[in-house]
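Dear colleague,

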Amino acid sequence: METSVSSMHLPLQRTEPHGPVVPGLQIPELDQCVHCGLCLTQCPTYRVTRLETESPRGRIHLVRAAGEGRISTGERFAEHLNLCLMCRACETACPSGVKYGRIAEAAREVIGPPGSALSRAVARLAFTQLFPRLGRMRVLLRLLRFYQRSGLRAVARVLPRRLREMEALLPPVPARFFTPEAEVLPAIGTRRARVGLLNGCIMPLLFGDINAATVRVLRRNGCEVVIPKGQGCCGALNVHNGETTAAKAMAKRNIDAFLAAGVDAVIVNAAGCGATMKEYDHLLRGDPEYTEKAARFSALCRDASEFLADLGLTGPLGPVDMTVTYQDPCHLAHGQKVRAQPRQLLAAIPGLTLIEMEASDRCCGSAGIYNVTHPEMSRTLLDEKMTSIGRTGAEAVVAPNPGCMLQLRYGAQRAKAGTAVYHLMDLLDQAYQAAEDDAGRARA
Ligand code: SF4
Ligand code: SF4
């Protein structure tokens, strides 16, 4: 018999175990929660539903109860855990330092990816057969580009509403993917560091211009940039959806590739990837061969903004006349605690004005594949975000994470707002380019 959790209120009544205990859910992080509830108002799903079972504290109770065999890990348990965005805003709010992300990941490992049996099977196939094999990703994206440019897109208009909405989330696939001109690209000027760059899975295919901009900005700041051929996808989506076996293999591949490159830092320009890579040491804990290597690797990982702010920008930056607002990606602000550095870099760009939005660190509803698996909640959060952006009057929003960029572009399109969406590296690159153009004009 499954204990009802849909109308559960705290304190959860202690009942005797009546099902099997689940060792995978008996994790030490649960014991750190003192049930104070300070995280509740920071949780996007609780703010919308006002249900304890959709709050961090409620979910922690559910995981503990399931681990002890007091409730089943069936469909209703999975629903509550899967409505979580894994945004980790609760970690920022928590005075006891509860690492909720680890609790959620342990739960996802037990319940598997969200959705119907079919969508779970599709997700599993993608996590195990697509993301670890970037050649297949390229083929798929080329097919997608063909679909988008052929008359086939008109067919989407007759699809059921849910499929039409999913189709609308697809970004246009660019004609060219990012292919580095060499594995090692020299620093411009005096060499200040040798860094590795995560090329990623989606970034080189959908956001190749941002990877190219990141390389240019790093080189202009005296970095020799290594883009090891042996690297692959970081495995973040796998980790977040309970596919840890594939994620571990992907982590090992990256660790081997970057440690062999002998770099001072591993630079990541996608917040979700960076948060996962900084926690490879946790993912590979207990692995006899990789425990130490993973710790060494995780210590090298830096978000591009974090690294450049620490290094200090060099060279002249030209004007980028624009008013922007900044969206803190959850996995940068909450996952990596990187908040000041992107703002510091934006402030260094002449002509650019930053206007802060309300609750810039509240999730935009992207959250990996969440906007596909939970479209209603995702859109509610997106509409709220677009309202906050609109109130600033800024002409553009900066969001250094591909998932947020896609979601915000979709939001701007839905709201017919005309708000442009940029990655921070794109704006820095524009500033360096503007300075070069000015110098060229002065010489002429
Ligand atoms: S997770 Fe932290 S903030 Fe939330 S109830 Fe537990 S101790 Fe309090
Ligand atoms: S990760 Fe985000 S959505 Fe999930 S419980 Fe924490 S605050 Fe709520």
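This is a predicted model: local features need pLDDT of at least 70, side-chain atom pairs count only at pLDDT 80 or more; totals for chains, interfaces and linings use all residues.

**Strand 4 and the sheet**

Strand 4 and strand 5, the latter made of residues 301-303, pair in the parallel sense over 3 bridges. Strand 4 also pairs with strand 2 (residues 193-197), again in the parallel sense and over 3 bridges, and here G196 is the residue that stands opposite V266. In general, the strands of a sheet pair through backbone hydrogen bonds, in either a parallel or an antiparallel sense.

These pairings belong to an open sheet of 5 strands, which has the order 1-3-2-4-5 and mixed pairing. Strand 1 (184-185) and strand 5 stand at the edges of this sheet, and because each has a single partner strand, one side of each is left without a neighbour in the sheet.

Is strand 4 covered on one face or on both? Both faces are covered, with A265 and I267 buried on one side and V266 and V268 buried on the other. Leaving aside residues up to four places away in sequence, I267 touches V195, G196, L197, L198, L218, R302, A304 and F307.

L197 has its place in strand 2, and it counts as buried because 26 C-beta neighbours lie inside 10 Å, where 20 or more are needed. Not counting residues up to four places away in sequence, L197 touches T214, V215, V225, I227 and I267. The C-alpha atoms of L197 and F258 are separated by 8.8 Å, although the two residues are 61 residues apart along the chain.

R220 is found in helix 10, which covers residues 208-220. Why does R220 count as buried? R220 counts as buried because there are 22 C-beta neighbours inside 10 Å. Its contacts, when residues up to four places away in sequence are not counted, are I188, G315 and Y432. R220 and R191 are 29 residues apart along the chain, and their C-alpha atoms are separated by 9.7 Å.

D264 is found in the loop between helix 12 (244-260) and strand 4 (265-268). With 16 other C-beta atoms within 10 Å, D264 is partly exposed, and it touches A193, R194 and V195 when residues up to four places away in sequence are left out. D264 and T244 are 20 residues apart in sequence and 28 Å apart in space, C-alpha to C-alpha.

**Helix 20**

Helix 20 runs over residues 375-392, and its 18 residues reach 26 Å from the first C-alpha to the last, close to the 26 Å expected at 1.5 Å a residue. Its buried residues are M377, S378, L381, L382, E384, K385, M386 and I389. As a general point, an α-helix has 3.6 residues a turn, so residues three or four places apart point the same way. What covers the buried residues of helix 20 includes helix 1 (44-49), strand 6 (322-326), helix 19 (370-373), strand 8 (396-398) and helix 21 (402-414). Just after helix 20, G393 takes a positive phi of about 75°.

**The two ligands**

Which residues come nearest to ligand 1? Of the 15 residues around ligand 1, these are C33, C36, C39, R57 and C94. Helix 2 (56-67) and helix 4 (89-93) each supply at least two residues of this shell, and the largest share, 3 residues, comes from helix 2. By class, the shell around ligand 1 divides into 11 nonpolar, 3 polar and 1 charged.

Ligand 2 is surrounded by 14 residues, of which C43, P56, C84, C87 and C90 are the closest. Helix 1, helix 2 and helix 4 each supply at least two residues of the shell around ligand 2, which has 10 nonpolar, 2 polar and 2 charged residues.

With kind regards

Terms used:
Residues are numbered from 1 along each chain as its sequence is written. Chains are lettered from A and ligands numbered from 1 in the order in which they are written. Helices (H or I, at least four residues) and strands (E, at least two) are DSSP runs, numbered from the N terminus. The expected span of a helix is 1.5 Å times one less than its number of residues. A residue is buried if 20 or more other C-beta atoms lie within 10 Å of its own, exposed if 12 or fewer, and partly exposed in between; C-beta atoms are placed from the backbone. Two residues are in contact if their C-beta atoms, placed from the backbone, lie within 7 Å. A residue is near a molecule or strand if its C-beta atom, placed from the backbone, lies within 6 Å of it. Ala, Val, Leu, Ile, Met, Phe, Trp, Tyr, Cys and Pro count as nonpolar, Asp, Glu, Lys and Arg as charged, and the others, Gly among them, as polar. Two strands pair if DSSP finds at least two bridges between them.
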